[in-house]
Amino acid sequence: MDSIPMETLEEVVLTATRTERQLSSLPLPVTLVSKKKIEQSGTIRLNEILNEQTGIITVADESGFEGVQIQGIASDYILILVDGVPLVGRSAGNFDLSRLTVGNIKQIEVVKGPSSSLYGTEALGGVINIITEKPETDDLSGNVSYRIGTFTQQDINLDIKQRLDKFRYALFANRFSSEGYDLNPDVEGQTVNPFENYTVNGRFYYDFNDALTLFASTRYYDQVQDASLFLDEVQFEGDSEEKEWNAHTRLDHKWDEKLTASYELYYTNYKANERLADPISEDILSDSDFEQTLFRPEIRGSYAFGSNSSSVGFDGGTLTAGFGFQFDQLDRTFFDETVRFDSQYVYAQYDFNPVEALNVIAGARFDNHSEYNNQFSPKLALRYKLTDAIAVKGSIGYGFKAPDFRQLYFDFTNSAVGYTVLGYNVALDKLQELEDQGQISTVVVSENDLNDPLQAESSIGYNLGLTYKKGKWNSEINLFRNDFKNLIDTRIIARKVNGQNVFSYVNFDEIFTTGFELNTVYSINNALNISTGYQLLFAYDKTKRDQIEKGEVFARDPETNQTVLIDQSDYFGLVNRSRHNANLKIFYDIPSAHTNINLRLLYRSKYALFDTNGNGLIDTYDTSFVDGFVTTNISASKTFYEDFSLQIGANNLLDYTDGNIPNLPGIQGYIKLNYKF
């Protein structure tokens, strides 16, 4: 491991290499958000703090869940970890980041670009790892806080930590609730319905001796939310509930000065259900259940060759390797039965310095899966120190995402409209059942089209960066490109006698995202810190570009009502991708007054929600564009009597709203009282 002074521990990153590395020494694009920045910003949920980082956008899906988009890569392809282990519960591919409180987080690490060489499936576009705090002092310490804000949004935290000789413990509890809000008063029902949720987390550590340490953690999450839907002049009402529980145990063993090993067991279970019914007739509109379970044992180790002689590694480098098993099952409405996946994997990574100025990380992982072809995921990253202040870095890596349960086993028919969606693995049998029932008029695919296994989605990511760190300046620019193939989407496989379609899934999309990110931090003095960030993004479907090149795509001009031929300059790109996003953050500490003030400006340029003219892509003639906008967040904190602090703030201070952005309900003021002991 790196030799890192205590004063720079806040910059230690674990996720990018699975070993401790200083952020400034990494050859990979990584964003680190410290506990101090989280507290000063006044954010309380993970989606809020991530949305303020360069190149990261939170996007709400049709259910209101907020997922994260990194370098134009959707939430489906971003792996979410807590203390290095994955979370589950993606009902439609999107992981809802608002499930996670930031009240007990030490830091958040975001690795951008393919990371399957260490983490396997779902790390196709990047990894977000939430690191919790480890107790360090013998004195009982912690904090209690209460925050209330607009829409009666309340957040209550209790966090206590202590070290008792060889034993350490940390207990955390959070309650978060809101009365919801309505952005469209002319439409029945609220945009976000009232809810309340609870998070409880216990973490325990035992140091048997200097070489052997046990870590155990358990986390429980429970949310209940009112649910309603106005359909055909009938108000259907009910509720939805989410429950999540996980247990994580790890034994860390330092065999000698060169060899360390970790033995890990992890289990998690996520449940969600929703009931909607007519309160008068008691007719049920929907009754859906979702339960996913994941169990994963893993063994990994690191061996350091040679002697420790530099700040970025050992003379002979460090070899990190591991293997494990993963058992995943899902039971949900619209599945005939509980479905199960199992996989085995092995990975290795070599981190070394062939010369003093050059750091090289080479790694690969092999995954053997029960439902799709084996995957081999290599990665190579290099960093060369040109001067004491300037370094250049580059990386190339492969990422993949396995077909999920929904894409393989879904069996859903919309009773109101009549269309059907079938998972790939059950499509043949279910299609035959529909034919036997006389529901099919035409089958538009051959049996052979549904016989070959659905392929894993994959990408190759490239990054080239330059860093400058000297005195008061700390700047970094990264050029990136991600090429995807075998993306999975729906297609029509048959038509029903009622005129509706039967859909299934297929590999066919090839897209790419490319652009650059620029981040600059300037510390005017110890009290005043200014940072800026900017991302330029291009995200296109290669097939659509080819069709435009061949003159096959047309649109109707809404102003002239004339049909026009689309050219490349008219093609805007993928849905929900902004060409530009930027931020400006000013943090000002006033030590003499025990006060800090910060201002954060966030800009997102225009983007489109869906294709409105029926040509299958987003072009300048579509009418679903959301104009570019700026959100302004501000907060100020003051400490009283050393232990009490008062924070006042407002998100979206300029009161920007748009009915197409359900997670932006206008100005949100708040006041928070915190007692630290």
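Trainee: How many aromatic pairs does the structure hold?

Mentor: There are 28 aromatic pairs in the structure. Keep in mind that this is a predicted model.

Trainee: Take Phe412 and Tyr419. Why is that pair called edge-to-face?

Mentor: Their ring centres are 6.2 Å apart and the planes sit at 65°.

Trainee: What makes Tyr419 and Phe503 an edge-to-face pair?

Mentor: Go through it the same way. The distance is 6.3 Å centre to centre, and the angle between the planes is 85°. The cut-offs are within 6.5 Å and over 60 degrees, so Tyr419 and Phe503 qualify on both counts.

Trainee: Why do you say that this pair ties together parts that are apart in sequence?

Mentor: Tyr419 lies in the loop between strand S25 (411–413) and strand S26 (420–422), while Phe503 belongs to strand S30 (residues 501–523). The parts are 84 residues apart in sequence, so the pair links them.

Trainee: Which residues do ring pairs link into a cluster?

Mentor: The cluster is made of Phe334, Phe410, Phe412, Tyr419 and Phe503.

Trainee: How do you know whether Phe412 is buried or exposed?

Mentor: Its relative accessible area is 18%. Buried means under 20%, so Phe412 is buried.

Trainee: And why is Tyr419 called partly exposed?

Mentor: Tyr419 has 25% relative accessibility. Partly exposed covers what falls between buried, under 20%, and exposed, over 50%, so that's where Tyr419 goes. Phe503, at 22%, counts as partly exposed too.

Trainee: What makes you say that Arg604 lies over the face of Tyr607?

Mentor: Arg604 is 3.6 Å from the ring centre of Tyr607, and the distance limit is within 6 Å. There's also an angle test, within 35 degrees of the ring normal. Arg545 lies over the face of Tyr540 as well, at 4.9 Å from the ring centre.

Trainee: How do you know whether Thr17 is buried or exposed?

Mentor: Thr17 has a relative accessible area of 0%, and buried means under 20%, so Thr17 is buried. Thr17 lies in the loop between strand S1 (12–13) and strand S2 (21–22). Not counting residues up to four places away in sequence, Thr17 touches Leu26, Leu118, Gln349 and Ile361.

Trainee: What makes S16 and S17 a strand pair?

Mentor: Strand S16 (residues 259–277) and strand S17 (residues 284–304) share 19 bridges in the antiparallel sense. Pairing takes at least two bridges, so they pass.

Trainee: Which residues touch the most other members of the largest nonpolar core?

Mentor: Of its 72 residues, that's Leu46, Ile108, Ile128 and Ile493. The largest share of this core, 5 residues, comes from strand S29 (residues 473–496).

Definitions and conventions:
Residues are numbered from 1 along each chain as its sequence is written. This is a predicted model: local features need pLDDT of at least 70, side-chain atom pairs count only at pLDDT 80 or more; totals for chains, interfaces and linings use all residues. Side-chain values use heavy atoms; hydrogens and water are left out. Rings of Phe, Tyr and Trp (its six-membered ring) pair if their centres lie within 6.5 Å; planes under 30 degrees apart count as stacked, over 60 as edge-to-face and the rest as tilted. Buried means under 20% relative accessible area, exposed over 50%, partly exposed in between (1.4 Å probe, protein chains only). Helices (H or I, at least four residues) and strands (E, at least two) are DSSP runs, numbered from the N terminus. Contact means heavy atoms within 4.5 Å. A nonpolar core is a set of buried Ala, Val, Leu, Ile, Met, Phe, Trp, Tyr and Cys residues joined through side-chain atoms within 4.5 Å.
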